[in-house]
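Dear colleague,

Please find the structure below, handed over for your own work.

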Amino acid sequence: MAQSTALSARVKEKVAQSTALSAQVREKVAQSTALAARVKEKVAQSTALSAQVREKVAQSTALSAQVRKKVAQSKALTAQVREKVARSKALSAQVREKIAQSTALSAQVREKVARSKALSAQVREKTGLLSRKWT
């Protein structure tokens, strides 16, 4: 009987130890589950951040392409402006040349008009002399 009581006490002790271990295991499982949930949450946050980063990189790439396009357009416009300025300078030089030619021609015309007036005066004078001789 004493052996049976001792054995019963040992069984109860082992059951108590087993129950305590089971409680510890359940606690560790709960901790592990909570940790796994936190890890999943962190992975989800990391995935979301990665998606945002990829989106920002895509936006940055698009903006860089737009900037390159605008720079190219600006360079093309600058080249057009330079070309137009060069054309304008050439036209201005042509206009100055035409003005110089016109001024030279005006001087020639004035000279010829003066010669013509002088010749007309000579003709009038000679005509007057001739008409006096006839009378």
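Arginine 115 and glutamate 111 are separated by about one helical turn, because they stand 4 residues apart in helix H1. Their side chains meet in a salt bridge, with an N to O distance of 2.5 Å. Please note that this is a predicted model. Side chains of opposite charge can pair when their charged atoms come close. Arginine 115 has a relative accessible area of 47% and is therefore partly exposed. Glutamate 111 counts as partly exposed as well, at 44% relative accessibility.

A search of the whole structure finds 2 salt bridges. Besides the pair already described, the side chains of arginine 87 and glutamate 83 meet in a salt bridge, at 2.5 Å from N to O. Both of these residues lie in helix H1, 4 residues apart, which is about one turn of the helix. With a relative accessible area of 47%, arginine 87 is partly exposed. Glutamate 83, at 44% relative accessibility, counts as partly exposed too.

I turn next to the chain as a whole. The chain has 1 helix and 0 strands, and helix H1 covers residues 2–134. How does the radius of gyration of the chain relate to that of a compact globule of 135 residues? The chain has 57 Å, whereas such a globule would have a value near 14 Å. Taken along the principal axes, the box filled by the C-alpha atoms is roughly 195 × 15 × 10 Å.

Two pairs of positions give distances along the chain. The C-alpha atoms of glutamine 66 and leucine 119 are separated by 78 Å, and these residues are 53 residues apart along the chain. Glutamine 66 lies in helix H1 and counts as partly exposed, at 47% relative accessibility. For alanine 79 and alanine 104, a separation of 25 residues in sequence goes with 37 Å in space, C-alpha to C-alpha. Alanine 79 also has its place in helix H1.

Leu7, Val11 and Val15 form a nonpolar patch on the surface. Together, these three residues have about 260 Å² of accessible area. Leucine 7 lies in helix H1 and, at 47% relative accessibility, counts as partly exposed.

Finally, the charges. The chain carries 28 positive and 8 negative charges. The mean positions of the positive and of the negative charges are 7 Å apart.

In summary, the predicted model has 1 helix and 0 strands, with 2 salt bridges found in a search of the whole structure. One of them joins arginine 87 and glutamate 83, and another joins arginine 115 and glutamate 111.

Yours sincerely

Technical notes. Residues are numbered from 1 along each chain as its sequence is written. This is a predicted model: local features need pLDDT of at least 70, side-chain atom pairs count only at pLDDT 80 or more; totals for chains, interfaces and linings use all residues. Side-chain values use heavy atoms; hydrogens and water are left out. Patches are made of residues with over 30% relative accessible area and no salt bridge: like charges are joined within 9 Å, nonpolar side chains (Val, Leu, Ile, Met, Phe, Trp, Tyr) within 5 Å. Accessible areas come from the Shrake-Rupley method with a 1.4 Å probe; for residues, only the protein chains shown count as cover. A salt bridge is a side-chain nitrogen of Lys or Arg within 4 Å of a carboxyl oxygen of Asp or Glu. Helices (H or I, at least four residues) and strands (E, at least two) are DSSP runs, numbered from the N terminus. Buried means under 20% relative accessible area, exposed over 50%, partly exposed in between (1.4 Å probe, protein chains only). The radius of gyration is taken over C-alpha atoms; the globule rule is 2.2 Å times the number of residues to the power 0.38. Lys and Arg count as positive and Asp and Glu as negative; His and the chain ends are not counted. The place of a charge is taken as NZ of Lys, CZ of Arg, CG of Asp or CD of Glu.
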